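Thanks, everyone. Let me put the structure up, and then I'll walk through it piece by piece.

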Amino acid sequence: MSVVAFERKLNSGEWSERELGTILAALDKALARGREWETGATEAGDVQFYLLGPLPDQACELCVSRVGRSYILEDGTGRLLFEHRNLDLVALHAKAAVPSTSWVMVRAITLWCAIRSTLHEKAEPWLVEGEELFVQFVPQLAAFA
Amino acid sequence: MKRGKHQDVFTERLPAKAAPDAKQLRKLAGDWLKQRRADAELSQADLAARLGLKYYTFISQVENGFSRVPTEIMGAWASELGLEPAAFARHLLMYYEPELHRLLFGAERK
């Protein structure tokens with residue numbers, strides 16, 4: 001009896017523990033900063049890993065897909081960032097591609113700008129008033145001197 | 001659910017649920033897009049090819065509700081699904097920017 005050897009579809013259906021471990025290890029810093037991740041699949045059954053941005057939007061920032069024997073790295077707008085058969089390399093690129101903006105820093109800067117703007121608005125009339133007084137009194141003081 | 005060819009595909013409303021979050025709304029948008037693609041009898045790979053994408057994985061990303069249809073290809077996406085681009089964009093805005101949609105179009109039929 002002869003057996004026809006069909007090509008086995010490699011690791012189809014879901015991520016293996018090793019694959020997920022590789023991706024999660026590369027993205028550990030991003031995940032520690034309040035990001036979450038989910039998995040899904042294309043209609044053809046190719047698995048996808050989504051790195052989600054911070055709350056409240058939680059939009060996809062990076063997506064790693066496994067299509068056949070290749071891994072594909074895209075950003076949340078569909079821009080192809082990298083593709084390779086070696087997941088370790090793809091994970092490295094994913095790590096480098098994570099938006100590094102710290103939202104705490106952004107909020108701190110925004111708050112600082114708001115405070116500065118408010119102070120400037122309040123202080124400006126005093127400064128102008130002081131300047132006018134100075135302009136008025138300087139000639140008189142000079143006359144006395 | 002199969003639709004008649006000329007049935008209005010823009011009549012779906014958001015579920016009568018208090019302020020669904022952005023993630024839920026993107027999922028609803030993705031389901032709607034998936035249905036429209038099925039109506040157009042296109043696979044994800046077909047649509048990606050017609051949009052000039054190298055891989056169809058981004059179509060899946062959008063249809064699974066993790067990303068939005070980018071504005072720059074929204075018109076082409078609509079055309080490939082056989083839909084009128086303005087109505088398509090307006091319908092997606094209902095999911096992606098519900099408050100902006102409400103301000104622009106009010107509470108009229110979506």
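Start with one residue pair: Tyr71(A) stands opposite His84(A), which lies in β5(A). Keep in mind that this is a predicted model. So where does that pair sit? Strand β4 of chain A covers residues 70-75, and it pairs with β5(A) in the antiparallel sense. That pairing runs over 4 bridges.

Now step back to the sheet. In chain A, 5 strands form an open sheet, and the order is β1-β2-β3-β4-β5. The pairing is antiparallel. Which strands are at the edges? β1 (36-41) and β5 (80-84) of chain A are, and each pairs on one side only. From one strand to the next, the twist averages 15 degrees.

Next, the loop between β2 and β3 of chain A. Strand β2 spans 47-52, β3 spans 60-67, and Pro56(A) is in the loop between them. Look at the bond joining Leu55(A) and Pro56(A): it is a cis peptide bond, with omega at about 5 degrees. Gln58(A) is found in the loop between β2 and β3 too. Gln58(A) is not a glycine, yet its phi is positive, about 50 degrees. For background, most residues other than glycine have a negative phi, and most peptide bonds are trans. Is Gln58(A) buried or exposed, or something in between? Gln58(A) has 18 C-beta neighbours inside 10 Å, so it counts as partly exposed.

How far can we trust chain A? Its pLDDT averages 83, and 86% of the residues score at least 70. Over residues 3-8 of chain A, pLDDT stays under 50. The model has 0 contacts beyond four places in sequence for those residues. Where pLDDT is low, the predicted coordinates should not be read in detail.

On to chain B. How many helices and strands does chain B have? It has 6 helices and 0 strands. Along the sequence the pattern reads α-α-α-α-α-α. Chain B has 110 residues, and buried ones make up 29% of them. Take the contacts in chain B with a separation of 6 or more: 54% of them come from residues 24 or more positions apart.

Here is one helix pair in detail. Helix α5 (residues 85-96) and helix α6 (residues 98-105) of chain B pack at an angle of about 130 degrees. Their axes are 6 Å apart. The two helices, α5(B) and α6(B), are therefore oblique to each other. Which residues meet? From α5(B), Arg90(B), Leu93(B) and Met94(B) meet Pro98(B), Leu100(B), His101(B) and Phe105(B) of α6(B). By class, that contact has 5 nonpolar, 1 polar and 1 charged residues.

Chain B has a positive phi as well. It belongs to Glu41(B), at about 55 degrees, and Glu41(B) is not a glycine. Glu41(B) is in the loop between α1 and α2 (44-50) of chain B. With 8 C-beta neighbours inside 10 Å, Glu41(B) counts as exposed.

Last, the two chains together. The contact takes 20 residues from chain A and 17 residues from chain B. On the chain B side, α1 (22-39) and α3 (57-63) each supply at least two residues. Which helix gives the most there? It is α3(B), with 4 residues. By class, the chain B side divides into 7 nonpolar, 7 polar and 3 charged residues.

That's the tour. I'll take questions.

Note on methods
Residues numbered from 1 in each chain as written. Chains lettered and ligands numbered in written order. Predicted model: local features only at pLDDT ≥ 70, side-chain atom pairs only at ≥ 80, totals over all residues. Axes fitted to C-alpha atoms, helices over the stretch in contact; angles between N-to-C directions. Parallel < 35°, antiparallel > 145°, perpendicular 65-115°, else oblique. Contact = placed C-beta atoms within 7 Å. Nonpolar A, V, L, I, M, F, W, Y, C, P; charged D, E, K, R; others polar. pLDDT = per-residue confidence, 0-100. Pairing = 2+ DSSP bridges. Buried ≥ 20, exposed ≤ 12 C-beta atoms within 10 Å, placed from the backbone.
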